[in-house]
Amino acid sequence: RSEEQFSTVEVFVYEEPHDNLYTHHDIPLPVFPLSLAWMDYRPHASLGAADAADARRSNMLAVGTFAPYIEVWDLDVIDALEPV
């Protein structure tokens, strides 16, 4: 969601059994977002785990902006203050 000078990424969760929709994350962005991409892996997982495929699964969000870098946010962390 973007307003005049403020942009945020809002992540909603839908609980089907209870028919409930709520905001799980509300991440403020320093600049206007151009693109978003969801990723289902964690790049820093150890490969020595018993089930390496499940050990590295995580919800990550890449945010491309007008800034010359891409921010990657871990959506499994509540109230994260900065990207990973």
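Predicted model: local features only at pLDDT ≥ 70, side-chain atom pairs only at ≥ 80, totals over all residues.
User: Is Leu 21 buried or exposed?
Analyst: Leu 21 counts as exposed because its relative accessibility is 56%. The classes are buried under 20% relative accessible area, exposed over 50% and partly exposed in between, with a 1.4 Å probe and protein chains only.

User: Where is Leu 21 found?
Analyst: In strand S2, residues 20-29. Strands are DSSP runs of E, at least two residues, numbered from the N terminus.

User: And Thr 23, what does it touch?
Analyst: Thr 23 is also in S2 and touches Val 11 and Phe 12, not counting residues up to four places away in sequence. Contact means heavy atoms within 4.5 Å. At 40% relative accessibility, Thr 23 counts as partly exposed.

User: How far apart are the C-alpha atoms of Thr 23 and Glu 10?
Analyst: They are separated by 6.7 Å, with the two residues 13 apart along the chain.

User: New topic. In what order do the three strands of the open sheet run?
Analyst: The order is S3-S4-S5, with antiparallel pairing. Strands S3 (33-39) and S5 (70-74) are at the edges with a single partner strand each, so one side of each has no neighbour in the sheet. Two strands pair if DSSP finds at least two bridges between them.

User: How many bridges join S4 and S5?
Analyst: Five, with S4 covering residues 60-65. Ala 62 has Val 72 in S5 as its bridge partner.

Notes. Residues numbered from 1 in each chain as written. Heavy atoms only, no water. Helix = DSSP H or I, 4+ residues; strand = E, 2+ residues; numbered from the N terminus.
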